[in-house]
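Here is a short note on charged side chains for your first look at this structure. Please keep the 3D view open as you read.

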Amino acid sequence: MDEKRKRFEVMMLPHLDAAYSLARWLTRNDTDAEDVVQDAYLRAFRGFDGFRGEDARPWLFAIVRNCHRTRWARARQGAEVPLAEEHGADGEAVSTAQQLVAEGDDPEAALIRSNNAAVLTAMLRGLPEEFREVLILREFEELSYRDIATVIGSPIGTVMSRLARGRALLRARWLAAEGKADDGVR
Amino acid sequence: MACDRTLLSQAYLDGELDPAAALATEAHLAECAECSALIAANGSLSAALRQVPRRHAAPHGLEARIQRALDGVDDQPAREHWRNRVRRFVVARRQWLGGAAAGIVFAGAVAAALVLELSPSDKDEVLDELAGANTRTLIAQHPVDIESSDVAKLRPWFTRRVALAPPIADLSAAGFQLVGGRAEFIDGKRVAALIYLHDTHYLSLLVWSSYDSEVEPGVDDRDGYHLVMWTGHGLVFCAVSDESVATLQNVAKLINAEADRAAN
């Protein structure tokens, strides 16, 4: 194995889980996530001569995101509006919340259920991608604003406003689900 | 939304503020009901999100699949591809300049060049931003984030701030004093800026990774500045100053020599 390959593996393979995880949040399914990550590692290897830094994760994330978007654009050739609100997925989030609440037999249990991780996960999955990606990078990967800006290729101001809007959206949906939970049990 | 400091408050919650700005924001939070409510709400959202499994573990076999894919990577076609593009670029540049002179100055740098196609408007915006970096040098109260000509200090600073190790050339023999370094953010990329002073003229040398870069090697003018761009060692370089193109091209040669030296 040559020197470049060795160096690449030492620097990039430790981030495989992180890369897969991001791809999984972006694509929202296992098969596409695997393909995106494989694409991304190949592209990263080809572009590795340009990697000079110590901070491999944001660099790799940016490539994962680009691979996802390239595939997505190709898959949806002819579709008009990128980054449109994903109604189907959002509907899914709300119905999951309702379903969980409906199964609850007492108010307290219902509230706990409506709070639980599955509902939030479904709601995150239902967020438009431009908000979902910054929230994942910040809340789960704990990247700095600057690193997030690198990953999404936008200025820090955009990162800040998307985070704010994404959080507001998620809070509103969360509250709405809780409100429905209360209505349902009274 | 009435308060115009909600984004700052959010940055405070995210731990993005320096101590002085954090203190100022704490004072603001004590007075502003909107911001303190926002912080509380976002704080409990973060707490709730901590219940969500943050990582999906990569499936077994994915690493092996990637290894196999990497085994199949043949650098040869890629190299051939770039060689062709470089050839096309050099030819185009010669026609464009109506002579080979400028082409030859850059032949060395162009040999390892990544030449990327890009629409004129994108390119225009990036060039504007690059020229803007030199304007910031002139108007900023502190033209540099780190004031030093000491390579041992500058190198780790750049590595930390922009995740890059730009070649740091001593140009004092040519009359350029290294003032220090600055971190820039241009076209979505972290950019290292080395600031040199030549008589009373500032020269900003901007350096970033050539990965996904949209800048072509060449010469351009913006806002009364000359821009000389070249690539090599996986990096893109842009020297910006109001001095002559020939002066900038000479600087480019010296910096390339330093980059070659550092690489060997």
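1. Start with Arg138(A). Its relative accessibility is 14%, so Arg138(A) counts as buried (buried is under 20% relative accessible area, exposed over 50%, partly exposed in between, with a 1.4 Å probe and protein chains only). Asp14(B) counts as buried too, at 9%.

2. The model is predicted: local features need pLDDT of at least 70, side-chain atom pairs count only at pLDDT 80 or more, and totals for chains, interfaces and linings use all residues. Residues are numbered from 1 along each chain as its sequence is written, chains are lettered from A and ligands numbered from 1 in the order written, and side-chain values use heavy atoms, without hydrogens and water.

3. Arg138(A) and Asp14(B) form a salt bridge, with the closest N and O atoms 3.5 Å apart (a side-chain nitrogen of Lys or Arg within 4 Å of a carboxyl oxygen of Asp or Glu). Arg138(A) lies in helix H8 (residues 129–140) of chain A and Asp14(B) in the loop between helices H1 (6–13) and H2 (19–31) of chain B, so this pair joins two chains. Helices here are DSSP runs (H or I, at least four residues), numbered from the N terminus.

4. Next, look at Glu139(A). Its salt bridge is with Arg167(A), at 2.9 Å between the closest N and O atoms. Glu139(A) is in helix H8 and Arg167(A) in helix H10 (residues 156–185), 28 residues apart. Both are buried.

5. Asp35(A) and Arg71(A) also meet in a salt bridge, at 3.8 Å, N to O. Asp35(A) is partly exposed at 23%, and Arg71(A) is partly exposed at 26%.
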